[in-house]
Amino acid sequence: MLNKLCALLLIISVFSGAPLYADSHKAAIASAHPLATAAGFEVLAKGGNVYDAAVAVSAALAVLEPFGSGLGGGGYWLLHRQKDGFETMIDGREKAPLAAHKDMFLNKNGQVIPKLSIDGALAAAIPGLPAALVHIAEQYGQLTLAESLSPAIRYAKTGFSLSERYLKILKVRAEVLNVYPDSAAIFLTGGKLPELYSILRQPDLAQTLERLAESGRDGFYSGATADNLVNAVQKAGGIWTKADLEAYQVLEREPVKGVYQGIKITSAAPSSSGGIVLIEALNILSGYDLQHSDELTRKHLIAEALRRAFHDRSLYLGDADFIDIPVKRLLNEEYAAGLRSSLRVDKAMPSELMSGEIKSQSEGTNTTHFSIIDEEGNRVAATLSVNFPFGSAFVAKGTGVLLNDEMDDFVSLPGAMNGYGLIGGYANAIAPGKRMLSSMTPTFLEDENHVGVLGTPGGSRIISMVLLALLDFANGHGPESWVQVPRFHHQFMPDVIEYEQSAFSAAELTGLSSMGHQLKPARYAYGDMQAVQLIKATKVLAAASDKRGEGKSFVGQY
Ligand code: DON
């Protein structure tokens, strides 16, 4: 409680606007949880930079949103350093265990065994998030890893209060969590949902974080934590070995870049599909005057551009360390012009004319994103995940670490849909040590006057959410507006536009339908976008959190 009070006082002092030091600095942070945003400012106030803040926010979210991301998961951190313009993407995506093979989720008749890649230890890939935090702290931070992890350790020890949103998400996975006693002991109360506003303490997770703080990567990937992880996974039918953990390495990759109407875009490279699909769709849209099109035509064109970019996703994208991705071609403007030649402004192109028919569904509102920028323009966009809510629902005994179920982001069988309705083939087939294809799209935008940092959870729909926000940036709006844009999505297969109720008027629904589009209302508003902006000339900062979630954004002095 005392710690919570301290955190609150810190927030008040940081956000009251009163300078704490004569040479105080300013930054903006938007994250999916108020205490994670506070953790970021806490380390900035200790003399940390935006990269230390990113470590603190990532670790805090691992404690506060165990359903969305965590030490048992992975993610992508896009970094920009203002003084020399250096940009990099930290690829902390999970990797398939070395004993994984392409048919591991199929029965003897070659059919996908339902849920095997989603629930339990076999669904879990080797986590990348702990290694990424160590890497960012060592290579880019100013503080020690221990200093940046300390707010998260405190939250894990003293606990935090469970919100309505948390319990709503927990309810979705309670049945599966109950199958695993070490998971149920942490997240359920006598097998039932805990009460609203009750306190969740995670002492085992605090200890695991402390080991990481003390020993860096060895604190997680070898020693007691690694022993506990491997023993528990093997006992539960999983295939991890100590060699898997020892072999895990984060990678630095060159982000993908594009330009749309003078806006420079920097986004996630493979092993995420996010940046390529985003820029390919924008290149297609560059051939039209969206700003002066009527709304119906505009929305039709966006859906058609997404259809074509997601088609290429299913054909070409996967882990670039394992397959050759024709990145240059996919991002080429002439290639986009070729795709435009099949696009009619008055008619939908049935996806089955592009490829075989696949039926599907897509749900899910977890994973997490945060955005940070300081007044100099140094920035981080990070999207982190354990895939489904509460990942595989499996906690390795004694670690407090919920393991991911990212194995489901691979293609278990060519043409068969995954949990997000996505299809693919060889490019994203399972192989030992391979990273599964992601849709996470942490993104920087920059025009003459503004810098924007944004991203969101939402599975395959992440990419269309970022695209719609980017078009809103292009229309001259700020982050409050980007995060609220009504959403719609097309992903080639299933051949349907999924939409939030507010995205289309009745006339637009009729219009889209008569153009040949299938339309499916989303069951609920989706995504949880977190965005910040810097106005370059005045150094004025702004930040916004999606009203669909419970995130908190602040512009503060430290
Ligand atoms: O990497 C991916 O694309 C997915 N594992 C992300 C999952 C996600 O965003 C869940 N939220 N709905």
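Which residue in S14 is the bridge partner of histidine 489? It is glutamate 498. The views below show a predicted model, in which local features need pLDDT of at least 70, side-chain atom pairs count only at pLDDT 80 or more, and totals for chains, interfaces and linings use all residues. Residues are numbered from 1 along each chain as its sequence is written, and side-chain values use heavy atoms, with hydrogens and water left out.

**View 1. The open sheet of S13, S14 and S15.**
Three strands make this open sheet, in the order S13-S14-S15. Its pairing is mixed. Strands here are DSSP runs of E with at least two residues, helices are runs of H or I with at least four, and both are numbered from the N terminus. Two strands count as paired if DSSP finds at least two bridges between them. The edges are S13 (488-489) and S15 (519-521), each pairing on one side only. S13 and S14 (residues 497-499) run antiparallel and are joined by two bridges.

Strands pair through backbone hydrogen bonds, either parallel or antiparallel. Here the order is S7-S8-S11-S12-S16-S17, with antiparallel pairing. S7 (256-260) and S17 (540-545) are the edge strands, and each pairs on one side only. From one strand to the next, the twist averages 15°. Angles run from 0 to 180 degrees between N-to-C directions, and axes are lines fitted to C-alpha atoms, for helices over the stretch in contact.

**View 2. Strand S12 and its two partners.**
S11 (residues 443-446) and S12 (residues 450-454) form an antiparallel pair over four bridges. The two strands make a hairpin with three residues between them. Threonine 443 has leucine 454 as its bridge partner in S12. Leucine 445 stands opposite glycine 452 in S12. S12 is also joined to S16 (residues 530-535) by four bridges, and these two strands run antiparallel. There, valine 453 has valine 532 of S16 as its bridge partner. S12 is mostly covered, with four of its five residues buried. Buried means under 20% relative accessible area, exposed means over 50%, and partly exposed lies in between (1.4 Å probe, protein chains only).

**View 3. Helices H12 and H16 on the sheet.**
H12 lies across S7, S8 (263-267) and S11. It runs at about 20° to S7. H16 packs on the sheet too, touching S7, S8, S11 and S12. The direction of H16 makes about 165° with that of S12. Contact means heavy atoms within 4.5 Å.

**View 4. The contact of H12 with H16.**
Two packed helices are described by the angle between their axes and the distance between the axes. H12 (residues 274-285) and H16 (residues 462-474) pack at about 45°, with their axes 10 Å apart. H12 and H16 are therefore oblique to each other. Angles under 35 degrees count as roughly parallel, over 145 as roughly antiparallel, 65 to 115 as roughly perpendicular, and the rest as oblique. The crossing of H12 past H16 is right-handed. A crossing is right-handed if the near helix is turned clockwise from the far one by less than a right angle, and left-handed if anticlockwise. From H12, Gly274, Val277, Leu278, Ala281, Leu282 and Leu285 take part. They meet Ile463, Val466, Leu467, Leu470 and Leu471 of H16. Ten of the contact residues are nonpolar, one is polar and none is charged. Ala, Val, Leu, Ile, Met, Phe, Trp, Tyr, Cys and Pro count as nonpolar, Asp, Glu, Lys and Arg as charged, and the others, Gly among them, as polar.

**View 5. The enclosed strand S2.**
Seven of the seven residues of S2 (residues 74-80) are buried, so the strand is largely enclosed by the rest of the structure. One side carries Gly74, Tyr76, Leu78 and His80. The other carries Gly75, Trp77 and Leu79. S2 pairs antiparallel with S10 (residues 379-385) over seven bridges. Tyrosine 76 stands opposite threonine 383 in S10. Six bridges join S2 to S3 (residues 87-92), again antiparallel. Histidine 80 stands opposite glutamate 87 in S3. The hairpin of S2 and S3 has six residues between the strands, and glycine 85 takes a positive phi near 70°.
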